[in-house]
Amino acid sequence: MPDPANDAALPARTLGRSGIAVSALGFGGAPLGDLYAVLDDAAAIAAVEAAARVGITLFDTAPLYGRGLSEHRIGTALRRRPRASYVLSTKVGRVYAPAPAGVLDRGGYVGGLPFEGRFDYSRDGCLRSLEQSLLRLGTASVDIALVHDLDPWAHGDALEERMREVLNGAWRALCDLRDQGVVRAIGLGVNDAGVCARFAREADLDCVMLAGRYSLLEQPALAFLEVALARGVGVMLGGVFNSGILATGPVPGAKYDYRDAPPDVLARVARIESVCRMHGVALAHAAVQFALGHPAVSSVVLGAVTPGEVARNLDAFARPVPAALWRDLVAEGLLSGDAPLPR
């Protein structure tokens, strides 16, 4: 049933065993932190409002995104809507303090707010991180709280130490908050499928936000997605364009994992795009539809910084893709034969 607070409705899927209904197309807040460019504030807020109007109900953000700026912008837009009309997800694991002398570590964001962050996966650090997020968002609660960046990308050889810190600290705090009804679901927001699989075995995991590891370009998360399906772990997929290249195609300067794409990736994407063209399908449309095709996936979360980009994402979500495209990609060795093919 469409929510009366929304002007439209998108198909909803249940987020694993959490019971939370989320729109199959979600809104990702990373670009709203001034990731690649300093954004016009009004346009950024308008993008969130546009997403809500077209029926998107899942909004994901994090303190990292512009050192709090994404949370501010999303909170400003969503505060004008009934709280029950949307599902709000943010992350814990970093705490922030004012940096009056200037920010030393911008976390990859060209703009953002004048705060300096540090990792803190302790119990107190988790509670402080979430409290800061609630203040930035201007809300008394979030629906989903995810431990952020517990992966080799962020911690390298210190991952095992960080894993213990999480399990003995932040994770216990999140379990208590879930038991108290302060949050409805808890999980991980990471770039590594192996960490997700391990955590699913060792902790009471409701859901994950997995970025960049299950896409039309590569599917290293296939084994974890089977674990998630068996254990009732809800999966939100981010990074389905692999930081941009599956949206732009193999153009000069195309991004892959937040860096310029290497030659082998450019070549593989060019081959994938060639097959898509034979079927009259845009590469970005195929990328979105493929990610939605796995039964473990509850929502594909796409970023946008203007209402026009929201409309573009909605078009990619709604546009059908012929089944023959998937079969041809498998036959060309460009798609894993073990991946569930979208219907």
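A cavity is a set of points, on a 1 Å grid over the protein atoms alone, where a 1.4 Å probe fits but cannot get out, and its lining residues have an atom within 4 Å of a point. Keep in mind that this is a predicted model, where local features need pLDDT of at least 70, side-chain atom pairs count only at pLDDT 80 or more, and totals for chains, interfaces and linings use all residues. Residues are numbered from 1 along each chain as its sequence is written, and side-chain values use heavy atoms, with hydrogens and water left out.

**Exercise 1. Find the cavities and list what lines the largest cavity.**

Step one: search the whole structure, and two cavities of 30 Å³ or more turn up. Step two: take the largest cavity, with a volume of about 40 Å³ (a volume is the space filled by probe spheres set on the points, which are joined across faces, edges and corners). Step three: read off its lining, which is Trp 153, Asn 191, Ala 211, Gly 212, Arg 213, Gly 239, Asn 242, Ser 243, Asp 257 and Tyr 258.

**Exercise 2. Work out where Asn 242 sits and whether it is buried or exposed.**

Start with the place: Asn 242 is in the loop between strand E11 (234-238) and helix H8 (245-248). Helices (H or I, at least four residues) and strands (E, at least two) are DSSP runs, numbered from the N terminus. Next, the backbone: its phi is near 50°, a positive value in a residue other than glycine. Last, Asn 242 counts as buried because its relative accessibility is 0% (buried means under 20% relative accessible area, exposed over 50%, partly exposed in between, with a 1.4 Å probe and protein chains only).

**Exercise 3. Say which residues of helix H6 are buried and what covers them.**

Begin with H6 (residues 193-202): its buried residues are Ala 193, Val 195, Cys 196, Ala 197, Phe 199 and Ala 200. Now look for contacts (heavy atoms within 4.5 Å): the cover includes helix H4 (152-155), helix H5 (159-179), strand E9 (185-190), strand E10 (207-211) and helix H7 (222-231).

Methods. 1 Å grid on protein atoms, 1.4 Å probe; cavity = no way out; pocket = protein on both sides within 12 Å on 5 of 7 lines; lining within 4 Å.
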